[in-house]
Amino acid sequence: MDSLFGDAARRLLAETFAPQVLDMAERGELPGQAWQTVEESGFLDALVPEQSGGAGLRLPDVLPLALEAGACGIGMPLVQTLLARAWLDAAGQAHPDGPIALAAFGVAAGDEHIEARAVPGALAAQWVLAAAGDDVLLLSAQDAVRTRTEGHGNLDADLRWPAGAGTRFSCSGAASGADKAGAILAAMQAAACSALMAGAMQRVLVLTTEYAGQRTQFGKPIGRFQAIQQQLSVMAEYVWDAHMAAQLAFQSEGWRPQLMLAALGKARTSSAAPIVADIAHAVHGAIGITEEYALQRCTRRLREWRRAAGAETYWAGLIGADALAAECSALDYIRQSLSAVIA
Amino acid sequence: MDSLFGDAARRLLAETFAPQVLDMAERGELPGQAWQTVEESGFLDALVPEQSGGAGLRLPDVLPLALEAGACGIGMPLVQTLLARAWLDAAGQAHPDGPIALAAFGVAAGDEHIEARAVPGALAAQWVLAAAGDDVLLLSAQDAVRTRTEGHGNLDADLRWPAGAGTRFSCSGAASGADKAGAILAAMQAAACSALMAGAMQRVLVLTTEYAGQRTQFGKPIGRFQAIQQQLSVMAEYVWDAHMAAQLAFQSEGWRPQLMLAALGKARTSSAAPIVADIAHAVHGAIGITEEYALQRCTRRLREWRRAAGAETYWAGLIGADALAAECSALDYIRQSLSAVIA
Amino acid sequence: MIETLELAAIPAEDEALRPEIRGFLAEKLRGLPADRRARSWLGFDAEFSRALAGRGWLGLTLPAEYGGAGRSQFARFVLSEELLAAGAPVSAHWIADRQSAPLILKYGTESQRGFYLPRICRAEAFFCIGMSEPNSGSDLASIRSNAQPREAGGWLLNGSKIWTTNAHRSHYMIALVRTSGSPADRHQGLSQLIVDLSLPGVSIRPITDLAGDAHFSEVFFDNVELAADALIGQEGNGWQQVNAELAFERSGPERLYSSMVLVQCWLDYCRGAKIDDDATRTALGAILAHLSTLRAMSLAVARKLAQGQSPALEAALVKDMGTELEQRIPDLIAQALGRFPDRPVPSELLRTLAYLEQMGPSFSLRGGTREILRGIIARGLGLR
Amino acid sequence: MIETLELAAIPAEDEALRPEIRGFLAEKLRGLPADRRARSWLGFDAEFSRALAGRGWLGLTLPAEYGGAGRSQFARFVLSEELLAAGAPVSAHWIADRQSAPLILKYGTESQRGFYLPRICRAEAFFCIGMSEPNSGSDLASIRSNAQPREAGGWLLNGSKIWTTNAHRSHYMIALVRTSGSPADRHQGLSQLIVDLSLPGVSIRPITDLAGDAHFSEVFFDNVELAADALIGQEGNGWQQVNAELAFERSGPERLYSSMVLVQCWLDYCRGAKIDDDATRTALGAILAHLSTLRAMSLAVARKLAQGQSPALEAALVKDMGTELEQRIPDLIAQALGRFPDRPVPSELLRTLAYLEQMGPSFSLRGGTREILRGIIARGLGLR
């Protein structure tokens, strides 16, 4: 999987999204130059078919990019934009420029207003692709009344438009279950967050092991204390597990995440995220709480992405309901619904 | 609280219920001699009013006895018998001789049969006090068709009687909520299990710290390894917490446990039980898995009592529902519904 | 084997403080949103502290002769629990009230007591604690800041401290510094000095935390001249004194209520939105049940303090479990809320949750890391 | 930094084994209740093992010349996962098949291979592993059992082993014993010997476990005379060989499926009783999701084995997390069932649950305790 694409994407993101650029985004200013650089690289069209001018890659091909976006702690909806462009192309629509956030849950299209609650990354988006009942709406984020949902450094927002705003794609023709518009957007957001979290967790593991090897207490590096070693080993386990979960969430023959694999990915990475973040902070001590040190951006994102579009409880519940309704054995359910390897 | 009663009760139980006696009970034979000794001591009537020939103690007074019954790993319904005798006296009924099990849940009184499922300690009981709808039944355990519910060493059973068996106490006159017959029996079983678990956990902590101090590995007692120390500290925390939970569950002005305090006790001790048992076994290693070593009886009981009459999930759910329905603040709910100190 | 704790009741006269405190807080905190109140003992508001002092609620347990109220540990428990559960901004006076005043009362000279304690009770002297240094966190023996005796008497202080809560807005620091020997002497030769932070040679750099607040600082000492009576307690006895002080630090109810504003905010939301599902009920019940046993344990520790005992072991145990619950509460609430992504959650609740998720890890750093507390417990178990 | 694992697919020809195995198991296990099947790799049934051998499924990865099937690690994965998920009583041949045969193949002489491997493949030679001793658990360097060279050639074995799985019903033990030096020499001077358990001087005392079964034993050696070719591998190289062997032990899917019979039994009950509440759904989904990622990780380890690598670190990581999940599953199911005490639960499910609750702790004892596995991971992280 260490493809040329992956290497190039990783390098580009790491160079383009330096901490100052991310700070700017977190202050609510769109880092236009950085976005332009990524736009020009073509990576944002990676999942768009070749005949539409994209790279025509499949979902598993872009996993390295998504992991790196997580490792950098990029809060703007970059991975979501890749997926949204592919969705729009499939819906026969040319995509607009700029970052596209996904609103898979919490959208209410009433008689007066369209409201979308706690949309992940909305403050750094120009567009929102929103699931509203059986339909999907493409809305201008910048035309919305935006209210920051959370606190310091967070990019989520409650958005409100007048009724009738945006472009409506009628999807009621779609079959049921996993093919419903809401389920597709939910799977997109879940898969994106899985990879972002897995990438962020790998970064957190690197930061924490390095710190434990350097920081001296009681006459030796703290990483030599058995209690710290045991914690870091547990962290490594969760990081590996999360990486595997993200790989599974990105298994697809095309651009579109499969619902149950995305559910698996979001459930596992969301379970791991607070554990990994807490161990990292426990090992780092006070320096981890400071704004200037790199850890806090990664752990903040981990908690945001964990909460975005349903925590592990929602996604595990979805898997559980599906498994109860299935007729195969537990092992076969795992093999058939929760496993896949795209060659 | 280290009253004369407590000391005497502890000594008597420890002497009377030697491991061989408990083994006998676990093989399904009633240890008649041991029971007779306890009967003659008068402890079984501790909660019965003096005018009915009992000791007229209040619930908090008998906590030391209940803790010791847990520490010994007594699987027969001894603590339950104390409570059942007080209940029967309050219902105007003389109590029968012999151990009385409580069936607070899972009783179905149909047209043909009365069925009670997974009654804790039923194989070592002569009687069952069962909540059936609004009423309570006193049934002969030995007249029932009994099927052992679990495996090796467990005393729970599914019981079946013909319809109409036993003595029926009509309790439909009782008010609602905590005063319903089912709620009272449930609180009795929950409080009993809380203290039994707290006592068993204290014993497990003693066994495990002693073992960690004696067992040598890599040239020193394993209790000197930081990883083991950290685990034992966590265990101690849960044991102390469980002890406090059991004290709260036993706060009452009379013999009868208060429902929400019993719920608190059962919820906390049930959460702690598997954690304490697992750490104890992890520290003990292989010897903890053997039948002849004392640990296994305590940990087996811990898991049984945790599952008996609803796990922590049930009792926490009950507290949560009650708190949602209340109108006071979270702090006041804790102070008023989940706290008590009987002078 | 360590003894378990026995239930303790709050005496009626101390319980009687509660309504008065509530009335005061209802007025003072009106309109303060939950995510601000969630900062509570990191929330700095000198005016609020002075208002508390005006009611006689600073130095509650100090003798009346020093301006205190001469009340019991239980009175202090009631006050603390009401302040923290309400999310009052207590940070300005908190350290002085909880740690510095008892330390000065215990180890100070009569003249030090007479000078500092009334000022603390009037909220005119805010304190911070100088322990950590850039190269020593939990390992206090490695401290390098040092105070040399001056010929003219007094001390010459050099060095630096870091992660000092409120240094940039306090009047005094009680600093643990080396007054003799070298780091190789470990705990020998350390002393506690009261440093007037307005003195020449003191410079302070606030450090911004991950929530955008500046609650802790780095403090530099460059040939700071201190008078002889800057020394508190015995020279060379700093390590023992600090450990006694940490026992005060660990025994309060603040090791329980750091996430209480979040619990209340969530509960209000659930009641308001008529949320009564299984996941919510179970999580809420589990949180309240555990808060209840921990509160009972904390009260038992308060009783031991009231009886003049030094329940260092018990305090470590309650603190370790209490901070773990405080840290776990945001996670449990995130799980319960995250179970139903389609339900709109108020921003105030989300902000409070996010703040506590992020600051949660710091709860187990202050006053001894988890490993250190568990080491104390292991010693109590006879393992070391 | 250690590399994460990459997804690996089971080749179609190995996947193709599955229906045949299922057909076989459906027939052989018919009527065996879940609480018996839950014993799986502690379930001893020599006849069952011989029937498996009859199908060519013992020594699946061994070369054909020694009676094996010459199949890949993936074929072995499919076989193991089907056997364990079904709860087949595999204990009789399990250790020989998983550990002893690869060890003999790697370190044995041609004549040892020729003698033991075909017998293992025919289920005629059951093995046990003699590592722990009464005073040495995880600390193998402290082993005291010793084998002295005899003048006539061969070895004279004295000492004892404890917690030896299946010693009382196996034909051979591969024992780690001291052949030179003293415990002070730590890992120097240890060797592996194949002990025919029918020899004079060997006595075996089965030990009853907490579930009433006798699956492990204490074994005493009193001047047992062994031939020269009892030595397997190099004299003094026992420690290195044992660690290679433990890597085999740790890398199989048995570190994942110990509670699988319980999961299936619970799932069947929920479906049958139409239970579909929130607590059940969430617990079931969480279990299945984690089993899925761990299975994928286990397959990735199998690929590394198939490529001839020695993924000792990866195996330790997957094992530690896998046993933790295996141990956690009974707890999660107890929580879900215990949420609704009024619902009748079938005895078979309760028995299976109780058995796994009690035996669960042993899952993290076999093949290296949690602390040891985490030490291996910490070393991989560069911390030691």
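Mentor: Buried area is the accessible area (1.4 Å probe) that two parts lose on being put together, summed over both. This is a predicted model, in which local features need pLDDT of at least 70, side-chain atom pairs count only at pLDDT 80 or more, and totals for chains, interfaces and linings use all residues. Residues are numbered from 1 along each chain as its sequence is written, chains are lettered from A and ligands numbered from 1 in the order in which they are written, and side-chain values use heavy atoms, with hydrogens and water left out.

Trainee: How much area do chain B and chain C bury between them?

Mentor: The contact, meaning heavy atoms within 4.5 Å, takes 49 residues from chain B and 53 residues from chain C. Of the area buried, 68% is on carbon and sulfur atoms. The total that chain B and chain C bury between them is about 4200 Å².

Trainee: Which residues of chain B lose the most area to chain C?

Mentor: The residues asked for account together for 20% of what the chain B side buries. They are Glu237(B), Trp240(B) and Leu324(B).

Trainee: Which element supplies the largest share of the side of chain B that touches chain C?

Mentor: Across this interface there are 17 residue pairs in polar contact, both at pLDDT 80 or more; such a contact is a pair of N or O atoms within 3.5 Å, where within protein one must be able to donate a hydrogen and the other to accept it, and residues adjacent in sequence count only if both atoms are side-chain atoms. Helices (H or I, at least four residues) and strands (E, at least two) are DSSP runs, numbered from the N terminus. Elements giving two or more residues to this side include helix H6 (181-214), helix H7 (226-249) and helix H8 (259-284) of chain B. The largest share, 16 residues, comes from H7(B).

Trainee: What area do chain D and chain B bury between them?

Mentor: This contact takes 39 residues from chain D and 41 residues from chain B. Carbon and sulfur atoms carry 57% of the buried area. The area comes to about 3200 Å².

Trainee: Which residues of chain D lose the most area to chain B?

Mentor: Together they make up 17% of what the chain D side buries. They are Leu210(D), Pro341(D) and Glu357(D).

Trainee: Where does Asp7(A) lie relative to its partner Arg10(A)?

Mentor: Asp7(A) forms a salt bridge with Arg10(A), with the closest N and O atoms 2.8 Å apart. Asp7(A) is partly exposed at a relative accessible area of 30%, the class between buried (under 20%) and exposed (over 50%), using a 1.4 Å probe and protein chains only. Arg10(A) is partly exposed too, at 25%. Both lie in helix H1 (residues 4-16) of chain A, 3 residues apart, about one turn of the helix.

Trainee: How many residues separate Arg39(D) and Asp213(D)?

Mentor: Arg39(D) forms a salt bridge with Asp213(D), the closest N and O atoms being 2.7 Å apart. The pair links distant parts of the chain, with Arg39(D) in the loop between helix H3 (34-37) and helix H4 (46-54) of chain D, and the two residues are 174 residues apart.

Trainee: Why do the buried residues of H3(A) line one face of the helix?

Mentor: In helix H3 (residues 32-41) of chain A, the residues Ala34(A), Trp35(A), Val38(A) and Glu39(A) are buried. They line one face because, seen down the axis of H3(A), they fall within an arc of 140 degrees, taken from the directions from the helix axis to the C-beta atoms. The face turned away from the buried side carries the exposed residues Gln33(A) and Glu40(A). What covers the buried residues includes H1, helix H2 (19-26) and helix H5 (78-90) of chain A.

Methods:
Salt bridge = Lys/Arg side-chain N within 4 Å of Asp/Glu carboxyl O.
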